[in-house]
Amino acid sequence: ATGPGARSGALSPGPAPSSGVVQKIDVNPPKGTRDFPPEDMRLRNWLFNNFREVSRLYGFEEVDFPVLENEALFTRKAGEEIKDQLYCFEDQGKRRVALRPELTPSLARLVIQKGKSVSLPLKWFTVGQCWRYERMTRGRRREHYQWNMDIIGVPGVMAEAELIASIVTLFKRIGITESDVGFKVSSRKVLQGVLKCYSIPENLFGRVCVIIDKIEKIPIDEIKKELKVAGVSEEAVQELLQVLSIKSLAELEERLGSHGEAVADLKQLFLLAEKFGYSKWLQFDASVVRGLAYYTGIVFEGFDRERKLRAICGGGRYDHLFSTFGADDIAACGFGFGDAVIVELLKEKGLIPELSLQIDNIVCALDEDLQAAAAMVASLLREKGQNVDLVLENKPLKWVFKRAARTNAQRLVLVGSSEWQRGMVGVKILSTGEQYTVKLDDLK
Ligand SMILES: Nc1ccc(Br)nc1
């Protein structure tokens, strides 16, 4: 199946039009999306295997959901960017569906679906691709993979402390230290207190937080204007901005008193961080609100201390998400950790690991009629758990040696007729050049 100019074996896009000339397909992936050729896939697998190993260490169970969800899962009315950029469409059954922009709503849906058949607390994790339809003017990606860990059914901040501990464990595993990265921590209960004080209706809470999350991204006058449009009085806006500039937990306690939930939660979290041994990673930062409407309590984000990159990860408590889906509320918290910013950080720090292809054996028949014999040798080695790159065509030895060098093969197993007659094969250790013949039964 070859079209003009295509490599033999390359897929041609279909039957040639009457002109006989085949239009070459665009071989790039859709705008804003990535392919993962072998080298990139090895790095991705290395990162995701670390995500999974940390999740296992923390006793979390892996779950998964469809990348395509009912659009209604994400149509929150809080002015979130995630909603504006929803990759949604009407399918052939006239259903409104969307490529998920995040994983938490799917997780909440599954928890509700499971209902009483699961016992709390649930500790679930997943690694999944998330999508946004970003106007390409900004040339940003339209997909990324996120590692999510969620604890469902634990109201106390031990849950948030455990989640942050798991991220610290991940960072340490990949060579990132507290001098590279920190966590900004705050609580939305700080803002909630202000809004209550100015009798701003509860249903505006998510929307106000989403606006305030943009405080470092758009001019302050725009923030004030959006808050005003949302129905927040000038006075309340002033007080909100004041509170967001509080520089320490001590100052917060001074301002709000030590009996409010926000101060109590944050003090408890910093105490637990001390006990977990990662307090050097944390700092209180009243300006952290995160951009998702459903957070209700502690919120946190991982940032690079050189301030060159966007947030590495982020999360928080979301105690009322379930009721927005018509179910009884369950206390919950979780985080998302993307696969892109962390790789940028690892590159910055020179921490991208060397991940070469590991081939134990290249098995090669020295002439055409020994192909089946070579296949037998390959199977024998594979049954012993060794991987084999079996030469599948009649190739000159020069070609085999070149491939062995490129694939970093450990040894060459050569099936030649005279040796094969005596039930033996030739072996060449490529690192030392040592070569010998060995009985097939003794090949290990
Ligand atoms: N939510 C979301 C989805 C996809 C990308 Br890229 N970034 C954020």
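Helices (H or I, at least four residues) and strands (E, at least two) are DSSP runs, numbered from the N terminus. The structure is a predicted model, in which local features need pLDDT of at least 70 and side-chain atom pairs count only at pLDDT 80 or more, while totals for chains, interfaces and linings use all residues. Residues are numbered from 1 along each chain as its sequence is written, and side-chain values use heavy atoms, with hydrogens and water left out.

Start with helix 7, where Glu222 and Lys225 sit 3 residues apart, about one turn of the helix. Their side chains meet in a salt bridge, at 3.7 Å from N to O (a side-chain nitrogen of Lys or Arg within 4 Å of a carboxyl oxygen of Asp or Glu). Glu222 is partly exposed, at 27% relative accessible area, whereas Lys225 is exposed, at 53%. Here buried means under 20% relative accessible area, exposed over 50%, and partly exposed in between, with a 1.4 Å probe and protein chains only.

A search of the whole structure turns up 30 salt bridges. One of them pairs Arg109 with Glu69, with the closest N and O atoms 2.8 Å apart. This pair ties together distant parts of the chain, since Arg109 belongs to helix 3 (residues 104–114) and Glu69 to strand 2 (residues 68–70), 40 residues apart. Arg109 is partly exposed at 26%, but Glu69 is buried at 6%. Salt bridges also link Asp180, Glu306, Lys308, Glu348 and Lys349 into a network.

Now for the ligand. The residues around it are Ile82, Pro101, Cys130, Trp131, Arg132, Arg141, Arg142, Glu143 and His144, each with a heavy atom within 4 Å of the ligand. The shell splits into 4 nonpolar, 1 polar and 4 charged residues; Ala, Val, Leu, Ile, Met, Phe, Trp, Tyr, Cys and Pro count as nonpolar, Asp, Glu, Lys and Arg as charged, and the others, Gly among them, as polar.

A ligand nitrogen lies 2.8 Å from a polar backbone atom of Pro101, and a ligand nitrogen is 3.4 Å from an N or O atom in the side chain of Arg132. The protein covers 87% of the 270 Å² of accessible area that the ligand has on its own, with areas from the Shrake-Rupley method and a 1.4 Å probe. Arg132 also forms a salt bridge with Glu134, at 3.5 Å from N to O. Arg132 is partly exposed at 22%, while Glu134 is buried at 1%.

Conventions:
A polar contact is a pair of N or O atoms within 3.5 Å; within protein, one must be able to donate a hydrogen and the other to accept it, and residues adjacent in sequence count only if both atoms are side-chain atoms.
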